[in-house]
Amino acid sequence: MANSSNAEWLESDARYLAPTYHRCFEIVAERAKGAYLYDVEGNEYLDFTMGIAVNNVGHCHPAVVKAAQEQVEKLIHCSAVTRHTMNIQLAEKITQIAPTGLDCVFLNNSGGEAVDAAIKMARFVTGRPNVIAFTGAFHGRTLLATALTTAKSHYRQGYEPLPSGIFHAPYPYCLRCPVGQVPGQCNLECFDVLESMFNHQVKPDTVGAILIEPMMGEGGYVVPATGYKTENGFMQRLRKLCDQHGIMLIFDEVQCGFGRTGKWFASQHFGVVPDLMIVAKGIASGFPMAGVVSRKDLMDKWTVGRHGSTYGGNPVACAAALASIDVIEKENLLENTRKMGEYFVAKLNEIKAKYSFVREVRGLGLMIGMEVAKSSDTSAGEPDGQLIERLVDECFKRKLLLLDCGIKNHIIRFIPPLNVTKSEIDKALAIIEEALPVAAAGAKAAELVS
Ligand SMILES: Cc1ncc(COP(=O)(O)O)c(C=O)c1O
């Protein structure tokens, strides 16, 4: 294959790769470094997507590259045939940074696979079949994870019948309150709906787990119940409810974990410790790696041979994960994430003040969402996915990569590396400021035509 241009590679891609894999941009990547990605024609893109929240320490961080290279020379794979030093070291390290008490780790390869593992473990350990998840969340693409996912019906349609025993409660998305309350003036009526499910749909003593993203990813970059500010918030009440009924609380930290929100894990913003925590993405800078973190007393009930994985805890992926964690620690990236996140949000709020269609800028650390809507009388307005599509496109033309999210793709998610600099953020902001009016004018014109 002697391809050289994006167009030539795309032709071969279309011929040989399954089209079901949706790609966001019609370019072909060749290499990447830090916050930048380069296509086969040598074009440089400022990448604020980080492989969908995976390359938390930036593309090809030298320490991660070195660790993986050294490990490849020593041991690539031995599966569960023997024990090996790398997953033991990684498991110990994860327990040191995990929320207090989560001191035992199961490793596998992807977020969806880890979601399956967590639910299997919860069902096995509690002996209870049912699971409650939240509307709007994304948990992956295995059949069980698909059944838990309600970010878009598109992810489910065509795959029915999906695994049963799964119920959905409203996610506390204050801007678009699922139970029609005014943000900041409610009594967490969304939580009442969850409790009422025990009367109407599923008895609490049959529920093995409640699964939630402590900050919602694909569903809209939503910080839960931001409109409700007391000690007895949504997450705290969730913890109490689970304790009261012997239900395992599972946090899906696949997208928000490993420093993305300015703490190791998003749950640490709420001071709530789950029984099980699912991790993936940012853990290993792009090497396939995921896992379930829990308490030793619970993990011990998931007895030998009841679950496993051929590649899980692969030595090379473990080396990359250990190096990534080390970089976050040594380069003070949690602090940088908090500082840069505050700066970015403040600047985006300046943009919001100029454009009424920007309804909300929200986030934790460097997991930031900017939601847009068509003008309307309500504070949330009608989601404007068309505007975001044009904005992403106008930014792409100016060599900035951004991703959307949300039910109508009406939210930009900003996911720079945790070591992003102020000048890289400024560069992205300058592009956004230039692209926004162009995108808005285009969206308006398209609306007039249609
Ligand atoms: C919160 C969350 N859970 C689970 C998954 C599934 O992870 P994977 O694509 O690695 O299977 C994702 C992926 O985007 C995610 O964001």
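Entry 1. I began with the polar contacts, and between domain 1 and domain 2 I found 23 residue pairs in polar contact, both residues of each pair being at pLDDT 80 or more. I note here that I am reading a predicted model.

Entry 2. I then looked up which elements of domain 1 face its partner, and six of them, α2 (50-53), α11 (333-354), β11 (358-364), β12 (367-374), β13 (382-383) and β16 (411-414), each supply at least two residues of the side that touches domain 2. Sorting that side of domain 1 by class, I have 21 nonpolar, 12 polar and seven charged residues.

Entry 3. For charged pairs across the interface of domain 1 and domain 2, I noted two salt bridges. I also looked up glutamate 218 and arginine 413, whose side chains meet in a salt bridge at 2.9 Å, N to O.

Entry 4. I went back to the bounds, and the domain assignment gives domain 1 as 6-57 + 332-449 and domain 2 as 63-330. The contact between them takes 40 residues from domain 1 and 35 residues from domain 2. I put the distance between the C-alpha centres of the two domains at 25 Å.

Entry 5. How much area is buried between domain 1 and domain 2? I wrote down about 3,000 Å², with carbon and sulfur atoms giving 58% of that area. On the side of domain 1, Leu334, Leu364 and Met367 lose the most area to domain 2, and together these residues make up 25% of what that side buries.

Notes:
Residues numbered from 1 in each chain as written. Predicted model: local features only at pLDDT ≥ 70, side-chain atom pairs only at ≥ 80, totals over all residues. Heavy atoms only, no water. Domains from an automatic or database assignment. Contact = heavy atoms within 4.5 Å. Buried area = accessible area lost by both parts, 1.4 Å probe. Salt bridge = Lys/Arg side-chain N within 4 Å of Asp/Glu carboxyl O. Polar contact = N/O pair within 3.5 Å; in protein donor to acceptor, adjacent residues only side chain to side chain. Helix = DSSP H or I, 4+ residues; strand = E, 2+ residues; numbered from the N terminus. Nonpolar A, V, L, I, M, F, W, Y, C, P; charged D, E, K, R; others polar.
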